[in-house]
Amino acid sequence: MTQSNPDFSDNMKRPNDKESRYCTRCTRALKACLCDYIQQVTHLAPLHILQHPTEVAHPKGTAALLAASLSQARIHVGESFAEADWLNALLGDPGVQCCLLWPDDQALTLAQVREGCGQAKEVHFILLDGTWRKAYRMLYSNPALLRLPRIKLGAIPGQYSIRKKPFPEALSTLEAGYHLLSQWEGEPERFAPLMSLFTHLNRQWHDFAQGRRT
């Protein structure tokens with residue numbers, strides 16, 4: 001894998017294990033597979049999702065759905081990435097500017113990032129996938145991530161109704177990816193399939209919960 005052109009070819013895996021109860025693409029149980037609602041969208045800025053191990057195959061997780069929906073998205077599982085060759089190579093590439101989605105007081109707007117980078121560098125985005133507490137631990141366990149420019153999306157109410165949110169603006173990984181790329185590329189309608197998929201996920205869980213109560 002090169003620094004600025006990572007291999008994203010495995011994002012389109014299909015169920016291929018006849019003995020498995022789970023889809024290898026969306027990672028959900030086959031009876032709840034959402035692959036029929038996944039439409040892959042092409043985009044300019046590569047997306048790297050650093051996923052906490054406890055989120056792997058989580059039935060309410062959205063990282064796998066996001067990765068399967070994008071042409072240049074890759075999930076990397078772990079807590080510490082200090083020894084990750086791919087990340088160190090990416091961060092050391094003078095032609096690439098990596099930005100971490102982390103909305104704190106020092107975070108930049110996407111307009112500020114665009115103004116600062118101009119046309120000189122290819123921008124890659126890094127997202128942390130985990131609960132806020134685990135994502136915080138991941139961030140502070142990786143000094144290289146702490147040195148990255150941080151970006152924010154603005155006050156966007158989260159619509160993730162099937163999982164507890166620590167605050168109203170907390171977004172699922174799928175929502176974050178949608179809003180990030182929509183704002184960066186200025187074409188929200190092109191990324192609409194991501195939110196359609198997100199709606200199907202929420203509806204599926206609510207239908208399941210309603211059936212269980214009745």
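Predicted model: local features only at pLDDT ≥ 70, side-chain atom pairs only at ≥ 80, totals over all residues.
**Group meeting: salt bridges, rings and a buried strand**

R190 is partly exposed, at a relative accessible area of 25%.

Partner one is E185. Its side chain meets that of R190 in a salt bridge, 2.5 Å from N to O. E185 counts as buried, because its relative accessible area is 15% and the cut-off for buried is under 20%. Partner two is E187. The salt bridge between R190 and E187 spans 3.2 Å, again N to O. E187 is partly exposed, with a relative accessible area of 32%. Through shared partners, the salt bridges tie E185, E187 and R190 into one network.

How many salt bridges are there by this rule? The count is three.

R150 takes us to the strands. Opposite R150 in β5 stands L100. The two strands, β3 and β5, pair in the parallel sense, over two bridges. On to β4. Strands β3 and β4 also run parallel, and five bridges join them. Within β4, H124 is the residue opposite C98.

Look at both faces. One side holds V96, C98 and L100. The other holds Q97, C99 and L101. Both faces are covered.

Next, helix α3. Which of its residues are buried? They are L110, V113 and C117. These three lie on the same side of α3, because they cover an arc of only 55 degrees around the axis. Turn to the face pointing away from that buried side. There you find the exposed residues A111, E115 and G116. And what covers the buried residues of α3? The cover includes β3, β4 (122-129), β5 and α6 (173-185).

Now a charge and a ring. The charged end of R114 sits over the ring of W184. The distance to the ring centre is 4.1 Å.

Last topic: aromatic pairs. Searching the whole structure turns up three. I will show one of them, Y136 with Y140. The ring centres are 4.6 Å apart, and the planes meet at 35 degrees, so this pair is tilted. Why tilted and not stacked? Stacked needs planes under 30 degrees apart and edge-to-face needs over 60, so 35 degrees falls among the rest. Where do the two tyrosines sit? Both are in helix α4, residues 132-140. They are four residues apart, about one turn of the helix. Y136 is partly exposed, at a relative accessible area of 46%. Y140 is partly exposed as well, at 44%.

First, the network of E185, E187 and R190. Third, β3, with both faces covered.

Note on methods:
Residues numbered from 1 in each chain as written. Heavy atoms only, no water. Salt bridge = Lys/Arg side-chain N within 4 Å of Asp/Glu carboxyl O. Buried < 20%, exposed > 50% of the residue type's maximum accessible area, 1.4 Å probe, protein only. Phe/Tyr/Trp six-rings, centres within 6.5 Å; stacked < 30°, edge-to-face > 60°. Lys NZ or Arg CZ within 6 Å of the ring centre and 35° of its normal. Arc of directions from axis to C-beta. Contact = heavy atoms within 4.5 Å. Pairing = 2+ DSSP bridges.
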